[in-house]
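Morning, everyone. Have a look at the slide first.

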Amino acid sequence: RDFCGCHLSWSGAQLRLPDPLPRLRAEIRASAPGRYRYYQNACTQSYSYAWWDWARWEREIDWMALSGINLAPAFTGQEAAWQRVYHSLGLNQSEIDAYFTGPAFLAWNRMGNLHGWAGPLPPAWHLKQLYLQYQIVERMRSLGMITVLPAFAGHVPQGVLRVFPHVNATRLGGWSHFDCTYSCTYLLDPEDPMFQVIGTLFLKELIKEFGTDHIYSADTFNEMTPLSSDPAYLSRVSNAVFRSMTGADPEALWLMQGWLFQHQPDFWQPAQVRALLRGVPLGRMIVLDLFAESKPVYQWTESFYGQPFIWCMLHNFGGNHGLFGTVEAINHGPFAARCYPNSTMVGTGLVPEGIEQNDMVYELMNELGWRQEPLDLPSWVTRYAERRYGTPNAAAASAWRLLLRSVYNCTGVCVNHNHSPLVRRPSLRMDTELWYNASDVYEAWRLLLSAGAELGSSSTFRYDLVDVTRQAAQQLVSDYYLSIRRAFQSHALPELLTAGGVLVYDLLPELDSLLSSHSLFLLGRWLESARAVATSDQEAEQYELNARNQVTLWGPGGNILDYANKQLGGLVLDYYGVRWSLFVSALVESLNSGSPFHQDQFNQAVFQVERGFVYNKKRYPAVPAGDTLEISRKLFLKYYP
C-alpha cells in the first residue's frame with residue numbers, strides 16, 4: 001500500500017506492482033497504539049454475510065488480515081450447536097423450528113429480539129454453516145486473529161418452559177414494531193439454576209467443536225428494556241452471563257456491544273450502566289463503544305467504570321447505499337479517547353451493520369488504528385485516489401477532495417440511515433435534508449466523468465463512478481419530489497404531470513440501468529446468492545423470500561419498512577419505481593377528482609405493491625449489462641444541474 005501503491009477493498013483491487021520493486025532503505029516497523037483492532041457488528045452477519053460461501057469468506061478474511069484486524073466474531077453455524085443443546089435438554093424439533101428465524105434474520109434471533117420469523121432453518125442449512133465455521137476459524141487463527149465465539153445471554157425458546165415447568169423465566173416486551181407473535185422472548189432469571197446449566201452446556205459444546213481463544217460475545221438487553229432498573233438485578237444478570245462463560249472456560253473474557261447504553265439512555269442511567277458492567281470482575285469484560293464517532297459512551301461513564309473498551313466506528317445502518325462519512329470525528333476521536341482521564345481504551349474497531357459501501361471510510365479507519373496521531377486528510381485522500389485507480393489523475397483527486405470535505409464530513413450527531421425519498425415510502429412529508437452542499441457531489445460527478453477516458457479501464461473507478469452518479473441521482477430524486485409536492489399543494493396539474501412523469505418514466509429507469517451495469521449493484525446478485533445456498537427448490541424459494549423481505553418490508557407487515565434499503569438494479573425499477581408511480585397517480589387522481597389525498601389509504605394500497613414485490617418470483621440477472629461510462633454520461637448530459 002505505502003510503497004507500491006496497491007489497493008484492496010470490498011469493491012475491487014488494484015494490484016499493479018512497479019517493476020522493479022522499490023528498494024527499501026531500512027526495515028519497516030509499525031506498532032499499533034492499542035491491543036485490538038476489531039471488526040464486525042452482530043447485524044453484519046445478516047445484512048451482509050447471510051449467503052456467503054467459503055470463497056467470499058476467504059476474501060474477507062484476507063482483507064481483514066491485510067487491514068491489520070486481529071479480533072473478530074466467528075458466529076457462523078452456532079444454531080447447529082444450539083440445536084444439539086436444545087435436543088439434549090428435551091425439546092422437540094417443532095419447538096426448535098418455532099424458535100429459529102430464517103437465515104436473513106438470525107442476527108436478531110441471537111440477540112433475543114425475534115423468533116420464528118421467516119424460518120424454520122432446514123437441516124442442510126446447519127450442516128453447510130457448520131462446515132463454513134470450521135474453515136472460518138481455522139483461517140482466522142492461522143493469520144493470527146483472535147476469534148470471538150458466541151455465548152449464552154439468557155434468552156430461551158418457549159419449549160424450555162414445557163420441559164422445565166418450574167423454571168423462572170419472564171417474557172421481555174416486543175422489539176421494534178414486532179408483537180409477541182415473533183418477538184417477546186423469554187429471559188431466564190439470573191438466579192435460576194438452569195441459567196448456568198444451559199449457558200455452560202452450550203459453550204462446552206462450542207469449545208469442543210471449534211476450540212477457543214477465550215473471548216465470548218453475549219448481548220442480553222440489545223434494544224430490549226430489562227425487567228427491572230434495580231442495579232442489584234442488573235448486576236445479577238451480567239454476573240450470571242459471565243459465570244456461565246467461566247463454567248466452561250475459566251479464562252473467559254466477555255466482549256459486549258455497548259449499543260444499549262446510548263440507544264436507551266433514559267433507562268441506562270449511570271447507576272444502571274455501572275451495575276451491569278461491575279457485575280463482572282474488572283478486566284474480564286471488553287465493551288465495544290459501538291457508535292463512538294457520533295455518540296461516545298465512555299465520556300459519561302468514566303471510561304466504562306474501569307472496564308476496558310474499544311473505540312468503534314459504526315458508520316452504516318442496514319447496509320444502506322449512500323455516500324457518507326464522519327471523517328473529522330474518526331480522525332480525532334480515537335486519539336481523544338486515549339487521552340481521556342483514566343482511559344481504559346484498548347483498541348479501535350469497525351462495526352458497520354452492513355458492508356460493501358463507502359470503501360474510503362473503512363480504509364481510513366483501518367489506517368487510523370495504526371496511527372499515533374491524526375492524519376492530514378486532504379493529502380491522505382489524494383494518495384488514496386492514486387492507489388485506488390493505479391495512476392495519479394488530477395480530476396479524480398479533485399473529485400475525492402471535494403467528496404471528503406462535503407458528503408464524507410458530517411459533523412455533530414450523524415446517523416447514517418438513508419432517508420432519501422428515493423428509498424422511502426412516498427408521502428407528502430418526506431425528509432430531503434442534507435448535511436452537505438449538493439453542488440459538491442454534482443461537481444465531483446463532473447470531475448470523475450472527465451477522468452473516464454484515462455481511468456475507464458479501472459474496475460474500482462467504474463465502481464466509484466456508479467456510486468457518485470447514484471448519489472447525484474438520489475439528490476435529483478429529492479428535487480423532483482419537492483417539485484411534485486409543490487405542484488400538488490398549489491393544485492398545478494400540468495407541473496405535477498411533468499415532474500412526476502420525468503421522475504417515474506425517465507430518471508428512475510435511467511438510475512436502474514446505471515446500477516444494472518455493475519455487478520456489485522445488482523439485485524440479482526443478492527437473490528441468486530441466497531438461492532445458491534439451497535439444496536432444494538423449496539429451500540431456494542424460502543431463502544429468496546428471506547433476501548427480498550430483508551431489503552424491503554423487513555417483517556411480515558413492513559414492521560421495519562425500508563430500514564435495510566439498497567439501491568440495486570432491479571429493485572429501483574420494480575420496487576421504488578412502482579411505489580413512486582402509484583404515488584404520482586394518487587396525487588393526480590386527487591387533483592382531478594377534487595378529493596383530498598389520504599396517506600392512510602395510500603399506505604394500504606402501496607403495501608400491496610411492496611408485498612407483491614416480495615412474492616413476485618421474478619428472476620433478476622446476476623450479470624451486469626450496459627456500459628457504466630456511457631450510461632453515466634447520458635444521465636449527466638440530461639440532468640447535470
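Some ground rules. This is a predicted model, where local features need pLDDT of at least 70, side-chain atom pairs count only at pLDDT 80 or more, and totals for chains, interfaces and linings use all residues. Numbering runs from 1 along each chain as its sequence is written, and side-chain values use heavy atoms, with hydrogens and water left out.

Labels next. Helices (H or I, at least four residues) and strands (E, at least two) are DSSP runs, numbered from the N terminus. Two strands pair if DSSP finds at least two bridges between them.

Back to E13, residues 345-350. Strand E3, residues 36-39, runs parallel to E13 and is joined to it by four bridges. Strand E12, residues 309-313, is also parallel to E13, with five bridges. There, isoleucine 310 stands opposite glycine 347.

How enclosed is E13? Five of its six residues are buried, so the rest of the structure largely encloses it. Buried means under 20% relative accessible area, exposed over 50%, partly exposed in between (1.4 Å probe, protein chains only).

Now strand E5, residues 146-150. Five of the five residues are buried, so E5 too is largely enclosed by the rest of the structure. Ile146, Val148 and Pro150 point one way; Thr147 and Leu149 point the other.

E5 has parallel partners. Strand E4, residues 71-73, joins it through three bridges, with proline 73 opposite valine 148. Strand E9, residues 215-217, pairs over three bridges, and leucine 149 faces tyrosine 216 there.
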